[in-house]
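Subject: A structure for you to look at

Hello,

Here is the structure I promised to pass on. Please open it beside this email and follow along as you read.

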Amino acid sequence: MTIKHTLTKIGVVCLAASVLLTGCGKKDVAATVNGKDISIEDYEREYKMQAQQAMAQYGEDFLTQKTQDGKQTMGEMMRQNTLDNLVRFEIYKQDAESKGIKISDKDVDAEFDKMVKMYGGEEKLQAALKENNLTEEKMKEYTKTNLLMQQYQEKMMKEMEPTEKELKKYYDDHKDEFKTAEASHILVKTKEEAEAIKKELDGGADFAKLAKEKSLDTGSAQNGGSLGQFTPGQMVKEFDEKVFSMKPGEISDPVKTQFGYHIIKLDKISNDFNSAKDAVKEAVIRDKFKEYNDKLEKDAKVKRLVNTAKDIPVEPIKVSGTKGQGNEKADAQAKNTQEQNAGNKTEEKK
């Protein structure tokens, strides 16, 4: 077990947890937020942790690879993101403190005791801390920040709880976003195959039976072609547009997508407030959070003092298994993960 795994288990997000309370001389400052310093030490430590994890997963040359737009290396992008996230999180931490949220030493000690038990004793925990270049004091600072942000999130959720009137208005303004469809499909390679299947269906053939026999989408075929329930935007564009233009019980003509030709049967479509209420509430809170956070970040006085284009040497960590394969599939996955791209939507639900 590593400290990184433990941080995840106790809910400490690395980029969040690195917002520490230490002060230092200006020459050792990576950025300031409303006059509060973020140290070079914390910036470099956080970057190295992220970079080592990426190298272990995607190959030791990962940091020198180019981003998809070719303008930066992955290492440059990760250093920039590291600083941006530390700044952003310091803003949130200061807001939490301004709302009177405080974490006592007793709270921190209780969480630290949980870690001791998790590792099977003080000695094993200290060894793990040493292996990851962390002190007990630093780990407690991480824990304090995490507890602070947990309470902050709980407080903000209560403050942003939408009223019934807000929910109804949001729903009325975004009705199309909250439609849900239940549909089945049969996927084949050619238009001729699709047309032949449509002809059989028009003649009374059983849709589920044909799906099991002929659909190339093996995941849905075993369920008679059923894709279950989904919302607008979850399917590829051509499929999505067709489904939400159909009537329940209708079977489509062949629909071409990047995956082949589909015959679609719309089983059910729902578009009412009560069935969408949970999703509406989530959307309202999400939008409130975004508006609130955007204002916090806009009003904050931030100075970025470190040059994120400057390289920071990172030693790869030793991991078991197939480390550093560096193949094309891994590289592509890494770029998508690190650049937070959603990737291409497929006809299957995500």
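Let's start with a helix on a sheet: helix α9 (residues 191–202) lies across strands β3 (180–188) and β6, and α9 runs at about 45 degrees to β6. Helices here are DSSP runs of H or I with at least four residues, strands are runs of E with at least two, and both are numbered from the N terminus. For the angles, axes are lines fitted to C-alpha atoms, for helices over the stretch in contact, and the values run from 0 to 180 degrees between N-to-C directions. Helix α10 (residues 207–214) also packs on the sheet, where α10 touches β3 and β6; its direction makes about 50 degrees with that of β3. Contact means heavy atoms within 4.5 Å.

Before going on, please keep in mind that this is a predicted model, in which local features need pLDDT of at least 70 and side-chain atom pairs count only at pLDDT 80 or more, while totals for chains, interfaces and linings use all residues. Residues are numbered from 1 along each chain as its sequence is written, and side-chain values use heavy atoms, with hydrogens and water left out.

**The sheet**

In what order do the four strands of the open sheet come? The order is β4-β3-β6-β5, with antiparallel pairing; two strands pair if DSSP finds at least two bridges between them. β4 (226–230) and β5 (255–257) stand at the edges with a single partner strand each, so one side of each has no neighbour in the sheet. On average, neighbouring strands of this sheet are turned by 40 degrees against each other, direction ignored.

You can trace the pairings one by one. Nine bridges join β3 to β6, and Ala 181 stands opposite Ile 269 in β6. Three bridges link β3 to β4, where Glu 182 stands opposite Gln 229. Another three join β5 to β6 (residues 260–270), with Val 255 and His 262 as bridge partners.

**The aromatic rings**

How many aromatic pairs does the structure hold? There are six. Rings of Phe, Tyr and Trp (its six-membered ring) pair if their centres lie within 6.5 Å, and planes under 30 degrees apart count as stacked, over 60 as edge-to-face and the rest as tilted. Tyr 170 and Phe 178 make an edge-to-face pair, 6.2 Å centre to centre with 65 degrees between the planes. Tyr 170 is buried at 13% relative accessibility, and Phe 178 is buried at 10%.

Tyr 171 and Phe 273 are also edge-to-face, at 5.5 Å and 65 degrees. Tyr 171 lies in helix α8 (residues 164–173) and Phe 273 in helix α13 (residues 273–299), so this pair ties together parts that are 102 residues apart in sequence. Tyr 171 and Phe 273 are both buried. Together, Tyr 170, Tyr 171, Phe 178 and Phe 273 form one aromatic cluster.

Finally, look at Lys 168, which lies over the face of Phe 273, 5.8 Å from the ring centre. A charge sits over a ring if NZ of Lys or CZ of Arg is within 6 Å of the ring centre and within 35 degrees of the ring normal.

Enjoy exploring!

Best wishes

Methods:
Buried means under 20% relative accessible area, exposed over 50%, partly exposed in between (1.4 Å probe, protein chains only).
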